[in-house]
Amino acid sequence: MSATASMRLETPGSWSLPYKGSVAMACLIVAESAIFTIFVVAYLFYVGKSLTGPTPGEVLEVPIFYTICLLSSSLTVHLAAKFIERGKRSAFVGCWLLTIVLGGLFLFGTGSEWHRLIYEHGLTISTNLFGTTYYSLVGLHAFHVTAGLVMLSVVLIFALRGRVDEEQSRRVDVLALYWHFVDAVWVVVFTVVYVLGR
């Protein structure tokens, strides 16, 4: 055997397979991004084409506070993931719980906005093209936030029972990745609906 061949056999590879949970979440995010892209394009295509009111400019109020809540939750979930990596369970639980509260506040804001739009302005999903595309796009995002909050709550229950520690940090990272995706999508939805679409 040549010296070069024996060096290759003895040199340990520095590359290892990525964590399967991260790969699965990346695949889910790519698929979900395609779905959101379709809804965003539909919203932009139909904006301003409604034959009857109300129009976005007449009824939409920019949800600044609830947007800050959701975007702040990206920081808290990141900190929580870092805390569990270091074995700081109580700090993890605190940041994880704060993430859930911030996400819940965002959902409350979405629900309040829908209540106002339906009962004060008569805007439903069947009112006009704006109503159809608005509720479809924002509703799709709200569904993803709800799913994320359910998963975050399940992890919190396990953490409170002492079953989440540094050994589960990679799983926590996977869920944090999903939450970052939900927050990033809101930046796009917010820009399209409340900035460009008005």
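1. A search of the whole structure, a predicted model, turns up 1 cavity of 30 Å³ or more. The largest cavity holds about 30 Å³ of space.

2. Which residues line the largest cavity? They are Pro 63, Tyr 66, Phe 106, Gly 109, Thr 110, Glu 113, Trp 186 and Tyr 194. Two elements each give two or more residues to this lining: helix H5 (89-121) and helix H7 (169-196). H5 supplies the largest share, with 4 residues.

3. The lining by class: 5 nonpolar, 2 polar and 1 charged residues.

4. Helix H6 covers residues 129-160, which is 32 residues. From first C-alpha to last, H6 reaches 46 Å. That is close to the 46 Å expected at 1.5 Å a residue.

5. Both ends of H6 deserve a look. At the start, Asn 128 places a side-chain oxygen within 3.2 Å of the backbone nitrogen of Phe 130. Just after H6, Gly 162 adopts a positive phi of about 80 degrees. Most residues other than glycine have a negative phi.

6. Where is Pro 54? Pro 54 sits in the loop between helix H2 (20-46) and helix H3 (56-59). The peptide bond from Gly 53 to Pro 54 is cis, and its omega is near 0 degrees. Most peptide bonds are trans.

Methods: Residues numbered from 1 in each chain as written. Predicted model: local features only at pLDDT ≥ 70, side-chain atom pairs only at ≥ 80, totals over all residues. Heavy atoms only, no water. 1 Å grid on protein atoms, 1.4 Å probe; cavity = no way out; pocket = protein on both sides within 12 Å on 5 of 7 lines; lining within 4 Å. Points joined across faces, edges and corners; volume = space filled by probe spheres on them. Nonpolar A, V, L, I, M, F, W, Y, C, P; charged D, E, K, R; others polar. Expected span 1.5 Å × (residues − 1). Polar contact = N/O pair within 3.5 Å; in protein donor to acceptor, adjacent residues only side chain to side chain.
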